[in-house]
Amino acid sequence: MYRDLDPERNSYILGARAFKAALDDAGLRKEDVDGLAVMRIPDYARMAEVLGIRDLTILNNFGGAGRMAGVTLTYAAMAIHAGLATTVACIYGNDGRSVGARYGGGEGAGSDTAMFEVPYGMTSPGASVALMYQRYAHLYSPPREALAHLAINNRDNAALNPSAVMRSPLTMEDYFDARFISEPLRLYDYCLINDGSVCMIVTSAERARDLKQPPVYISAAANAGDVADQYTVDDFFYNGLRRMADEVFPAAGISQKDIDLANLYDNFTPTILFELEGMGFCEQGEAGSWVSAERIGRGGELPLNTSGGHTSESYMQGWGHLADCVRQLRHETGERQVVGAEHALYCCAAPLSNAIIFRR
Amino acid sequence: MATEPTGTPYRKPLPRRNKFNTPYWDGLSEHKLTLPKCNACGFIWHPPASPTCPSCLTEGDYEFVELSGRGRIWSWLKMHQRYFAAFADELPYNVVYVELEDRPGLRMISNLVDFSDEDLRCDQPVEVVFDDVTDEWTLPKFRPVAAS
């Protein structure tokens, strides 16, 4: 993950770097890989060409929306489970900072549906989440500090993560002194924009036994949709997430109390609250009161976003969260280790939500 | 109601007419808020960007009907970020997500106008007003009304 920008960097170079590192980490050769699933990389065929891999039975591009990260990993597992591939490399490459990626604004009317919003100055996913959080706050009156706890917790974990982009301390005062972007959301509620890449290689449990690292298993996965063209959803994804929780926990043979850490998608801090409620860690409307520094910190009841999340580690659109689940369960995260972690949850609340339970 | 003094060019993003949305923009020019209503099942949808009823899938069998123009603010925000140069001297400006009374869940993005600070709140009743921003385009905006 990179803090700076470099016009020589592109997502193919970044993706190749991550792929090579993942092969080395696993003790695999590229000839062992028969599936390729890319995200945020424009052309899957170009990626395969850059890597010099031609014999693939699985080859997909999952696009650039962060909700697809868990979906990509789930798809890799499904393909192996169905016998369509043996070893699938999921590669995420993002040169957003270097190319000056913007998430909002633009010229003209926009798409056939955006034209009903931009004339009023409405734009950006952050504004959609701001609308949801404003309504949530009207219904449930969370404490004023609710989002601040999430932003500060992310920063506290990033401080112990050498790969993180933002590591300097963040206090409650810093949080409230920072400017509004889409009020009620402030600067530290927003994810970063930075370059980076992540590669995760998925294979069967049987094959993993012979590889270099102790395996971490995808114990269960589920998706749930509440899909419309606009991002704002009137139950804040609660019903979709609930359906998902009712599938994924029984499938893994565990319940919420067995989760040792949860890496929850946070393009903007409020989605963490939505994910906590929908996945059944607290009652609907209660997450704002439920989150406290003690509860969600590394030694707490439910450590959250243990590598720093999107607001402090980097914005790898879910892949940093997924990779950290694996590292935590390998017990290799040093100072920021959740001691004795056995089960980790990844969840993203979105028009297509996804949840994955990992285990040792 | 114009928001620009005479002679100042309008620089904010403007929509684009196409085959499906033209009746909506034409209605607004006549100071009417209209949306497509399916003749087969009665469903009203927004945005008016498709000829297919998203409830019963009937294609191309709908009329643009005039709405009551009344609703409530489902949610709101104040935009402090300069995403659009043309909004720069209004920062922060409000955006509202209005639920129209014509159907539960029928919501549209707009701006609140002619209001006091306490009106910018969830569940505030509102009614549509028509902003003739240019000779060619009229945008629906909303102003607070007393609860009925």
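**Exercise 1.** Which residues of E1(A) point one way, and which the other way?

*Solution.* Start with one face: Gly35(A), Ala37(A) and Met39(A) point one way from E1(A). Leu36(A) and Val38(A) point the other way. Now check burial (under 20% relative accessible area is buried, over 50% exposed, in between partly exposed; 1.4 Å probe, protein chains only). Five of the five residues of strand E1 (residues 35–39) of chain A are buried. Strands here are DSSP runs of at least two residues and helices (H or I) of at least four, numbered from the N terminus.

The model is predicted: local features need pLDDT of at least 70, side-chain atom pairs count only at pLDDT 80 or more, and totals for chains, interfaces and linings use all residues. Residues are numbered from 1 along each chain as its sequence is written, chains are lettered from A and ligands numbered from 1 in the order in which they are written, and side-chain values use heavy atoms, without hydrogens and water.

**Exercise 2.** Find the strands that pair with E1(A).

*Solution.* Two strands pair if DSSP finds at least two bridges between them. Take E2 (residues 58–61) of chain A: four bridges join E2(A) to E1(A), in parallel. There, Val38(A) stands opposite Asn61(A). Next take E3 (residues 87–94) of chain A: five bridges link E3(A) to E1(A), also parallel. Gly35(A) has Val88(A) as its bridge partner.

**Exercise 3.** Is Cys38(B) buried or exposed?

*Solution.* Locate Cys38(B) in strand E1 (residues 34–38) of chain B. Its relative accessible area is 3%, so Cys38(B) is buried. Then list contacts (heavy atoms within 4.5 Å). Beyond four places in sequence, the partners of Cys38(B) include Cys53(B), Cys56(B) and Tyr62(B).
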